[in-house]
Amino acid sequence: TIEIADNVINTFSLNDFNFINENEEDALGLNFSVKNVLLTDVNTQSINKFIEELDADPVAAFEALNDVSIGELGFNGVSFTADVEDEEIFKLTGEAQLSGVQNGAIETLKMSGSVKDKYGEFFGNTIDSSLNSISITGLDLGNLLTAIAMEDEQLLIAQLQNGFGISAVSIEGLTANIDDEVKTNLANATIEIADNVINTFSLNDFNFINENEEISINIGTAQFRGLDLDFDYFSEMALIENTARFYGLTDATFNNLSYVIEGEEFEIGEFRLADVTFEDAILVRGILALHRIKLPISLISEMDRSIARAIESFTNSESLTLSISNSIDLNIESGTYDTDLNFGIEGFAEVRLNAALAGLDVAQIRKASKANNTSEVMKILGVVSEKLSISSFSLEYNDDQLAEALLSETPDVGQLVGMSEMQIDMMLRQYTEQAEQLKASIKAFLEGKNGFKFSMSAQPPVRIMDMQQLFETGDMTKSIIFGFEGS
């Protein structure tokens with residue numbers, strides 16, 4: 001059925017349509033069917049203009065596309081097959097719905113389906129792909145096609161900056177296999193965009209394989225928030241500035257990442273960027289963590305074979321696994337700065353460093369970041385160091401196998417303890433209480449081979465430039481409390 005009035009197709013519907021063509025000469029059979037087609041509120045004049053321009057001037061046709069308006073267009077139960085001598089060599093199935101086409105933009109677009117080209121007769125490559133569903137809200141298709149057709153760099157940048165007009169995308173169940181060499185799978189993914197910012201992005205179970213290039217990429221889960229799209233993609237300075245501020249990202253998490261090339265596997269168990277906060281273009285808060293970074297020994301061997309052999313012998317593994325994390329918290333008004341750094345190598349040891357500073361002149365730091373030469377930077381940092389103070393500091397070592405392996409070659413641990421005690425007595429002769437505590441802690445560590453911790457705290461904070469004088473005069477413990485632990 002069709003209803004037309006005032007150059008507008010109010011409604012067009014088609015149900016249970018089927019077309020069959022059989023060619024006895026080449027034994028090719030074609031079968032096309034569609035269960036339902038629905039078309040509403042179409043301006044026929046704009047369609048005719050688009051068709052005319054497409055034939056006369058393809059570039060102008062894309063501009064004319066902006067005048068096309070469609071209320072709704074839907075295809076349900078679409079099927080197209082091709083058979084040769086009763087063998088199905090091609091099959092396409094699917095559904096598609098779009099609505100709100102106006103001014104070159106599509107309000108909503110939904111699709112699902114599958115395609116199989118068994119021998120590559122239609123696409124040139126064998127293909128076996130399927131998609132459970134894809135849904136796109138808000139796509140500025142007209143301006144995007146115009147930018148590409150006219151090679152308009154500025155219009156293309158504008159489209160990138162606003163995310164091609166898209167406000168949301170969701171994908172479910174994507175699989176693709178090309179020539180049984182390139183394969184990809186995606187369980188699901190979602191994107192939400194507003195005001196030129198990707199507010200949320202999530203992805204689950206993605207993998208890509210290129211058998212010919214011996215490449216494999218796997219992502220267990222990926223999520224991030226706050227990715228800023230509004231910058232000049234072709235400006236080197238803009239790229240540098242946006243890299244420095246993480247492109248606006250506030251949180252990002254990737255789990256179970258792996259990359260394999262020619263049999264060499266690189267893995268990251270977790271990448272996490274969290275609580276990222278900038279004030280006046282200065283990073284004041286954030287957490288960066290990479291856990292279970294797995295590197296093949298063969299890669300290390302390319303840089304230094306002797307180190308690679310030592311690591312392989314020590315860990316009895318063909319890979320090196322390490323983790324690192326760092327958090328910072330800067331208060332611009334008070335000038336306090338807290339940081340926590342963790343670094344560990346599986347099979348070796350883990351080290352944790354924590355520091356709390358005070359008296360940090362943020363205005364001078366900002367000035368140094370804009371300085372044009374190294375001498376000016378050093379001069380400014382010298383001014384900063386004059387007021388810089390320390391509130392607390394701790395260094396903690398937790399052993400896995402490193403101390404055990406190194407000390408196993410020491411014939412007499414007792415002799416090593418005695419030597420360390422002599423050095424401590426000489427160095428801390430003015431601080432007998434702290435010396436005894438340190439000696440006991442080192443003895444416990446050398447015998448237990450588990451861990452060692454050094455800590456200090458000062459209230460009020462002590463200027464770093466004053467610490468040497470305090471130490472030499474024997475007044476250090478009047479301002480700072482020290483602690484030592486060993487096991």
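Hi everyone. When I call a residue buried, I mean that its relative accessible area is under 20%; exposed means over 50%, and partly exposed is in between. Keep in mind, too, that we are looking at a predicted model.

Let's start with helix α12, which runs over residues 432–448. The helix has 17 residues and reaches 24 Å from its first C-alpha to its last, close to the 24 Å expected at 1.5 Å a residue. Which residues of α12 are buried? They are Q434, A435, L438, K439, S441, F445 and L446. And what do those buried residues pack against? Their partners are the strands β19 (389–399), β20 (451–463) and β21 (481–486), together with the helices α10 (402–407), α11 (413–427) and α14 (476–479). Just after α12 you will find K449, which takes a positive phi of about 60°.

There is also a salt bridge inside this helix. The side chains of E436 and K439 meet at 2.9 Å, N to O. Both residues lie in α12, three residues apart, which is about one turn of the helix. E436 counts as partly exposed because its relative accessibility is 48%, while K439, at 11%, counts as buried.

Across the whole structure, a search finds 13 salt bridges. One of them joins D280 and R366, at 3.8 Å from N to O. D280 lies in the loop between β14 (264–279) and β15 (282–296), and R366 lies in helix α8 (residues 362–369), so this pair ties together parts that are 86 residues apart in sequence. Is D280 buried or exposed? It is exposed, with a relative accessible area of 60%. R366, at 23%, counts as partly exposed.

Another salt bridge links the side chains of R352 and D340, at 3.1 Å from N to O. R352 is in strand β18 (residues 349–358) and D340 in strand β17 (residues 336–345), so here the parts tied together are twelve residues apart in sequence. R352 is partly exposed at 41%, whereas D340 is buried at 10%.

Going back to L203, what does it touch? Setting aside residues up to four places away in sequence, L203 touches L186, N188, A189, I219, G220, T221 and A222.

Next, strand β2, residues 8–23. L14 sits in this strand and is partly exposed, with a relative accessible area of 30%. Together with F17 and F19, L14 makes a nonpolar surface patch of about 240 Å². Not counting residues up to four places away in sequence, S13 touches T1, V37 and L38. S13 and L39 are 26 residues apart in sequence, and their C-alpha atoms are 6.3 Å apart in space.

My last stop is S455, in strand β20. At 24% relative accessibility, S455 counts as partly exposed. Leaving aside neighbours within four places in sequence, S455 is in contact with F393, S394, I481, F482 and G483. The C-alpha atoms of S455 and L330, 125 residues apart along the chain, are separated by 21 Å.

Definitions and conventions. Residues numbered from 1 in each chain as written. Predicted model: local features only at pLDDT ≥ 70, side-chain atom pairs only at ≥ 80, totals over all residues. Heavy atoms only, no water. Patch = residues over 30% accessible without salt bridge, like charges linked within 9 Å, V, L, I, M, F, W, Y side chains within 5 Å. Areas by Shrake-Rupley, 256 points an atom, 1.4 Å probe, with all protein chains shown as cover. Salt bridge = Lys/Arg side-chain N within 4 Å of Asp/Glu carboxyl O. Helix = DSSP H or I, 4+ residues; strand = E, 2+ residues; numbered from the N terminus. Buried < 20%, exposed > 50% of the residue type's maximum accessible area, 1.4 Å probe, protein only. Contact = heavy atoms within 4.5 Å. Expected span 1.5 Å × (residues − 1).
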